Amino acid sequence: MRRSQAERRDESQRRLLTATADVVAADGVAAATFDAIGRAAGYSRGLATQRFGSKQGLIEALTERQWGDNSPPREVAVKHVALFATPATVSSRAFQRELAF
């Protein structure tokens with residue numbers, strides 16, 4: 001049976017967010033490019049870009065997925081994303097710049 005557009009959209013959103021968490025956990029925030037996320041999810045960079053638009057959009061979507069309507073303030077969300085990063089990444093200045101949106 002063919003899935004509806006809403007079902008396909010939900011599936012791609014889930015796969016992109018899972019891929020984001022996987023890429024960040026494996027290689028750090030700097031490696032979480034739309035190209036890497038799209039490839040990891042089995043989609044194009046274009047779909048990841050269209051869905052999120054920026055790393056800020058990715059962080060917001062991840063926190064929304066994690067906490068739903070009870071999303072924490074930005075500072076807590078950044079700390080949550082930092083949990084996915086490697087110790088070397090967290091201490092780097094590049095990491096701090098990337099999350100300073």
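Helix H2, residues 34–41, has Phe-34, Ala-36, Ile-37, Gly-38 and Ala-41 as its buried residues. The model is predicted. The buried residues of H2 pack against helix H1 (5–27), helix H3 (45–52) and helix H4 (55–67). The salt bridges number two; one joins Glu-11 to Arg-14, and Asp-35 and Arg-39 form another.

**End of H2**
- Just after H2 comes Gly-42, with a positive phi of about 85°.

- A salt bridge links the side chains of Glu-11 and Arg-14, with an N to O distance of 2.8 Å.
- Both Glu-11 and Arg-14 belong to helix H1, where a spacing of three residues puts them about one turn of the helix apart.
- Glu-11 counts as partly exposed because its relative accessibility is 22%, and buried means under 20%.
- Arg-14, with 42% relative accessibility, also counts as partly exposed.

- In the salt bridge between Asp-35 and Arg-39, the closest N and O atoms are 2.9 Å apart.
- Asp-35 and Arg-39 are four residues apart in helix H2, so about one helical turn separates them.
- Asp-35 has 34% relative accessibility and therefore counts as partly exposed.
- Arg-39 has a relative accessibility of 57% and so counts as exposed, the cut-off being over 50%.

Terms used:
Residues are numbered from 1 along each chain as its sequence is written. This is a predicted model: local features need pLDDT of at least 70, side-chain atom pairs count only at pLDDT 80 or more; totals for chains, interfaces and linings use all residues. Side-chain values use heavy atoms; hydrogens and water are left out. Buried means under 20% relative accessible area, exposed over 50%, partly exposed in between (1.4 Å probe, protein chains only). Helices (H or I, at least four residues) and strands (E, at least two) are DSSP runs, numbered from the N terminus. Contact means heavy atoms within 4.5 Å. A salt bridge is a side-chain nitrogen of Lys or Arg within 4 Å of a carboxyl oxygen of Asp or Glu.
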